[in-house]
Amino acid sequence: YFNKALSFSKTRDGLISDPKALQLVAAALVGTENKVTEDALVYIKNAVELAPKNYDVLVSAGDVYLELNNAGEAANHYEKAEAIQPKNPKAFTRVAEIWLRVKNYETTLTDLNKALAIDSNYAPALKLMSELYYKSKKYEIAKYYYTKYLQNSEISLANRQRFVRILFNAKEYENALTDLKEIILIPNHDVFMYRMIGYSYYEVAEIKKDATMYPLGVSALEKFIATVPSDKIIASDYEYLGKHYSRIAGKDSLAVAYINKAIETDPSKVDLNKDAGQILYRLKRFDQSIVFYERYIANAPKVSINDYFLLGMTAYFGKQYPKADSAFAKVIGMKPNYADGYYWRGNVQANLDTQAKDTIGFSSYNTYISMAESNVEKNKKNLIVAYNYVATYYILHDNNKEAKVYLQKVLALDPTNKQATTYLKEVEKK
């Protein structure tokens, strides 16, 4: 059909004399999925020779050179077109595309603003503006321009899939999920939509506290993983599967397995070690939980008080008291006025020194008491433990007078406390 179209303007010597026909064929040859750039270049060169000041010919010449990755020649032809029709937004948009390809975002914006100043509803410029802000990770602005682009263009499957990616990256998960559910019902949709559905179900479920969404997210991600080649599966796919399973009763082991797989796939995802540690802590598999917390602390760029506190709690309940003691010592070192740090270090030291021979546990509990007594009602439970320990310490060190003071403090908070009642009777006999 191209050959037939061109044949109508052939001269006796076999040359084609119609620049418009040459331009249309060249544009078509680079405007489809299976591009024929060599033939397109021959045709467009002929067209430029015949009509060097034709706007459409010059723009199509720029398009052909751009497909051949000759940005210099492409820009040269676009700029000639701009000079011929300065009120036409097409060439300005094409030049902006060149700048976007080389990541010169500032100049891209300048040329797109020129195009939109001419026609604020020019769809190709709106789409490219959205791409510019998408690449700049300014997803809210990208969404604004893509919404406007859709209002001024054909609503195709490709356009909808692009828009839903923008919504997802703008963290508009609920809107993205609504569109995704419709897109996957359309034939020939991109299989990667299932990845975004899986991710979106988790994010929306977390926001809305809707546990029914987690199994749906698992289903979408498992379908995605089963469909795509293995080299297309990324760490985040396993991460989200693990997070979904962590919210489904009885699936904690699967959650840890997938989170661990995500870490193996991408060791830079250091935060996942903490997620695995928390799940294992919930399962009371403290030895394994400690491993993940320690791995997190060893590799995280910045470790917080809470990170050491979680490690300390895990080690305490896992009866690894020296590790727990070191962790709570870190907590106290980072925040000396943190009362709970002293309380839990006191608990650890009470298990390390069951006969209260040393003053370490005694000192930690005393420091806790001095801080916690400002709000007795809030700290009542922990104060009872601390008072009882301090009283026991005094008894073991033959200071019944001081022991009695702390035992009475316990009974003031809990009159039925068996340990304090028993010890007070013994102390009063002496």
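Let me start with residue classes: Ala, Val, Leu, Ile, Met, Phe, Trp, Tyr, Cys and Pro count as nonpolar, Asp, Glu, Lys and Arg as charged, and the others, Gly among them, as polar. The model here is predicted: local features need pLDDT of at least 70, side-chain atom pairs need pLDDT 80 or more, and totals for chains, interfaces and linings use all residues. Residues are numbered from 1 along each chain as its sequence is written, and side-chain values use heavy atoms, with hydrogens and water left out.

Pockets, then. On a 1 Å grid over the protein atoms alone, a pocket is an open set of points where a 1.4 Å probe fits, with protein on both sides within 12 Å along at least five of seven lines; lining residues have an atom within 4 Å of a point. Volume is the space filled by probe spheres set on the points, which are joined across faces, edges and corners.

The largest pocket holds about 710 Å³ of space. Its lining has 22 residues, and V30, G31, E67, R94 and E97 lie nearest the centre. By class, that lining splits into 8 nonpolar, 4 polar and 10 charged. Helices here are DSSP runs of H or I, at least four residues, numbered from the N terminus. Helices 2, 4, 6 and 8 each supply at least two lining residues. Helix 4 gives the most, with 6 residues.

Next, the second largest pocket, at about 170 Å³. Its lining includes D353, N388, Y389 and Y423. The classes are 7 nonpolar, 4 polar and 1 charged. Helix 22 provides the largest share, 6 residues.

Now the rings. Rings of Phe, Tyr and Trp (its six-membered ring) pair if their centres lie within 6.5 Å; planes under 30 degrees apart are stacked, over 60 edge-to-face, the rest tilted. The count is 32 aromatic pairs. Take Y316 and F317: centres 5.1 Å apart, planes at 75°, so edge-to-face. F317 also pairs with W344, at 6.0 Å and 65°, so that pair is edge-to-face. This pair links distant parts of the chain, F317 in helix 18 and W344 in helix 20, 27 residues apart.

Are these residues buried or exposed? Buried means under 20% relative accessible area, exposed over 50%, partly exposed in between (1.4 Å probe, protein chains only). Y316 is buried at 17%. W344 is buried at 15%. F317 is partly exposed at 34%.

Last, charges over rings: NZ of Lys or CZ of Arg within 6 Å of the ring centre and within 35 degrees of the ring normal. R162 lies over the face of Y134, 4.3 Å from the ring centre. K243 has its charged end over the ring of Y240, 5.3 Å from the centre.
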